[in-house]
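Please read them alongside the sequence and the model.

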Amino acid sequence: MTTDVTNVQQAFQMSIRICVRAPIMLVSAMVMTFLIHPRFALIFLAVILCLAVVLALISSKANPTLRKVFHEYDELYESGAHAVVYRLANTSPIGACISRSAKESLGVGALLITTSLSPLK
């Protein structure tokens with residue numbers, strides 16, 4: 001699997017864990033705290049609200065940086081993939097079967113898909 005697919009799978013698994021487990025644990029802890037000592041439950045509720053505000057601030061500050069990093073990561077991945085395809089097309093036996101017109105007109109991304117059985121002329 002590629003790195004992108006693995007990253008998406010891991011992000012999905014983490015979000016499922018967070019979206020399911022965390023609310024259940026939070027509600028359960030609040031109920032138990034209210035049953036044991038209601039005054040402590042109010043302190044607990046105030047702390048949760050403060051943490052939510054801090055988390056929102058961190059997320060709002062980190063989001064632009066993460067978008068920039070992922071954009072640069074995608075560019076790096078694409079440039080690396082193009083270099084591998086270019087090398088494969090120009091130096092391997094498979095590259096000898098790719099027509100010159102396909103190399104020139106279709107671009108690097110289509111080189112592995114558009115192959116012909118005739119050698120280069």
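1. Read from the N terminus, the elements of the protein follow the order α-α-α-α, with 4 helices and 0 strands in total. Helices here are DSSP runs of H or I of at least four residues, and strands are runs of E of at least two, numbered from the N terminus.

2. This is a predicted model, in which local features need pLDDT of at least 70 and side-chain atom pairs count only at pLDDT 80 or more, while totals for chains, interfaces and linings use all residues. Residues are numbered from 1 along each chain as its sequence is written, and side-chain values use heavy atoms, with hydrogens and water left out.

3. Of the 121 residues in the protein, 8% are buried. Buried means under 20% relative accessible area and exposed means over 50%, with partly exposed in between (1.4 Å probe, protein chains only).

4. Leucine 42, found in helix H2, is exposed at 53% relative accessibility, and its C-alpha is 9.2 Å from that of methionine 30, at a separation of 12 residues in sequence.

5. Val27, Val31, Met32, Leu35 and Ile36 make a nonpolar surface patch of about 540 Å². The areas come from the Shrake-Rupley method with a 1.4 Å probe. Valine 31 lies in helix H1, residues 3-36, and counts as partly exposed at 42% relative accessibility.

6. A negative surface patch is formed by Glu72, Asp74, Glu75 and Glu78; Asp and Glu count as negative, and the place of a charge is taken as CG of Asp or CD of Glu. Glutamate 78 belongs to helix H2, residues 38-91, and is partly exposed, with a relative accessible area of 47%.

7. How many disulfides does a search of the whole structure find? The search finds 0 disulfides, a disulfide being a pair of cysteine sulfur atoms within 2.5 Å. Cysteine 19 is exposed, with a relative accessible area of 56%, and cysteine 50 also counts as exposed, at 51%.

Methods: Patch = residues over 30% accessible without salt bridge, like charges linked within 9 Å, V, L, I, M, F, W, Y side chains within 5 Å. Salt bridge = Lys/Arg side-chain N within 4 Å of Asp/Glu carboxyl O.
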